[in-house]
Amino acid sequence: MQTRPMRWLRRNVVVIAGVLALGYLILPNLVVLAFSFNKPKGRYNYTWNHFSTDAWQHPCGVADMCGSLTLSLRLAVYATIGATVLGTMTAFALARYRFRGRAATNMLIFLPMAMPEVVMGASLGTLFLNMRIRFGFWTILIAHIMFCLSFVVVAVKARIMSMDPRLEQAAQDLYATPAQTFLRITLPLAAPGIAAGALLSFALSFDDYIITSFNAGSTVTFPMFVWGSAQRGTPVQVNVIGTAMFVVAVLLVVAGQLVGGRRRGARS
């Protein structure tokens, strides 16, 4: 006969495993948060010295760091817009229409997700070299859009495939035009998938180093700045920027959950 603690453990083993996994994932972010308040003795911010808020008061105190951060944010925004628009149209075409080469296109969509980033980065770099295109902002942007496109297509296509076609048919029965049906029925239903693809694109573009390094030339993004600064001593301000990005991401997730909860409560 099982004791009460064993019964409780069996009922909650999945929850416990989930909490432990989540804690394991968040632990590095907590370390970054803690060391953003550290004042190291030397160049390396790897051992705790004493508490200080200097880095938070002067987040741009390191030369060129905020410039590279601004560049990465611009690239992420533009890449998100481009990949989301192209990916959404591609997803609708693959999910709703049958055409020659549809199966091959579906297979090619998954290649950027399956192949190593170094292969895609080197391939795009070779393409730009052969076309004699100068490396810089635009080559990075094109590379990021190409990389993020597949993730948007997969997210949006999954949402489209789960949509109930009878809702659109009902709108047509009520004499809605194709444009009205798309804007008032199809697009709102597909919006969660589009938003998921856009958020994923922003994170992938902002965080990318490998593909960017092959197509950047002399342009330095924030991940490239962090990599370069790590060779001579990572400044505390890097921890500040990382903590700020983490907090913003958490707030966006919490806000989305609250909005979704209110909508479900209003419907019920």
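Good morning. Residues are numbered from 1 along each chain as its sequence is written, and side-chain values use heavy atoms, leaving out hydrogens and water. As the model is predicted, local features need pLDDT of at least 70 and side-chain atom pairs count only at pLDDT 80 or more, while totals for chains, interfaces and linings use all residues.

I begin with the cysteines. A disulfide is a covalent bond between the sulfur atoms of two cysteines; here the term is applied to a pair of cysteine sulfur atoms within 2.5 Å. The rule gives a count of 1 disulfide. Its partners are Cys60 and Cys66, with sulfur atoms 1.8 Å apart. The angle about the S-S bond is -90°, and the link of Cys60 and Cys66 is left-handed. Cys66 has a relative accessible area of 18%, and it is therefore buried (under 20%, with exposed being over 50% and partly exposed in between, for a 1.4 Å probe and protein chains only).

I turn now to the helices, which are DSSP runs of H or I with at least four residues, numbered from the N terminus. Helix α7 spans residues 137-161 and helix α9 spans residues 178-207; their axes come within 8 Å and cross at roughly 155°. Axes are lines fitted to C-alpha atoms over the stretch in contact, and angles run from 0 to 180 degrees between N-to-C directions. Because angles over 145 degrees count as roughly antiparallel, α7 and α9 are roughly antiparallel to each other.

Which residues of α7 meet α9? Among them are His144, Phe147, Cys148 and Arg159, and on the α9 side the residues include Leu189, Pro192 and Gly197. Contact means heavy atoms within 4.5 Å. By class, this contact of α7 with α9 has 12 nonpolar, 5 polar and 1 charged residues. Nonpolar covers Ala, Val, Leu, Ile, Met, Phe, Trp, Tyr, Cys and Pro; charged covers Asp, Glu, Lys and Arg; the others, Gly among them, are polar. Cys148, in this contact, is buried, with a relative accessible area of 0%.

Helix α9 also packs with helix α4, residues 65-96, at an angle of about 140° and with the axes 8 Å apart.

Finally, Thr219 lies in the loop between α10 (210-215) and α11 (222-230). Is Thr219 buried or exposed? Thr219 is buried, at 18% relative accessible area. Leaving aside neighbours within four places in sequence, Thr219 is in contact with Leu71, Gly136, Phe137, Ile140 and Met224.

Terms used: Helix = DSSP H or I, 4+ residues; strand = E, 2+ residues; numbered from the N terminus. Parallel < 35°, antiparallel > 145°, perpendicular 65-115°, else oblique.
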